[in-house]
Amino acid sequence: MIRNMGMLDRTLRVFFGAILIMISWPFLDVIPGTVLSYFCLIFGVINIVSSLMCWCFMYSIFEVSTKGDE
């Protein structure tokens, strides 16, 4: 697996992933039909995991890299 994410990209993913996870938990039992809450939770976790791995599967499919020369 080749790293394809730069530091700014990783930082933003962790930040917005944490926000998505935080807004999903309080609403899991409040919103009827919790599809949106689960979507936010899953998408937030995926963003944090991909950030920790420094690899995005969508970037690899489209051969994109934000890594640069770090």
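Reading a Helix Pair

Reader: Does Arg13 count as buried or exposed, and at what relative accessibility?

Author: Burial is read from relative accessible area: under 20% is buried, over 50% exposed and anything in between partly exposed (1.4 Å probe, protein chains only). Arg13 counts as buried, at 15%. The model is predicted, so local features need pLDDT of at least 70 and side-chain atom pairs pLDDT 80 or more, whereas totals for chains, interfaces and linings use all residues. Residues are numbered from 1 along each chain as its sequence is written, and side-chain values use heavy atoms, without hydrogens or water.

Reader: With which residue does Arg13 form a salt bridge?

Author: A salt bridge places a side-chain nitrogen of Lys or Arg within 4 Å of a carboxyl oxygen of Asp or Glu. Here the partner is Asp9, with the closest N and O atoms 3.2 Å apart. Asp9 is also buried, at 14%. Helices are DSSP runs (H or I, at least four residues), numbered from the N terminus. A search of the whole structure finds one salt bridge.

Reader: What does Val14 contact beyond its neighbours within four places in sequence?

Author: Val14, in α1, is in contact (heavy atoms within 4.5 Å) with Ile48 and Ser51. Val14 is partly exposed, at 34%. Its C-alpha atom is 9.0 Å from that of Val45, 31 residues away along the chain.

Reader: At what angle do α1 and α2 pack?

Author: The angle between α1 and helix α2 (residues 35-53) is about 155 degrees, with axes 8 Å apart. The two helices are therefore roughly antiparallel, a term for angles over 145 degrees. Axes are lines fitted to C-alpha atoms over the stretch in contact, and angles run from 0 to 180 degrees between N-to-C directions. Residues of α1 that meet α2 include Arg13, Val14 and Gly17.

Definitions and conventions:
Parallel < 35°, antiparallel > 145°, perpendicular 65-115°, else oblique.
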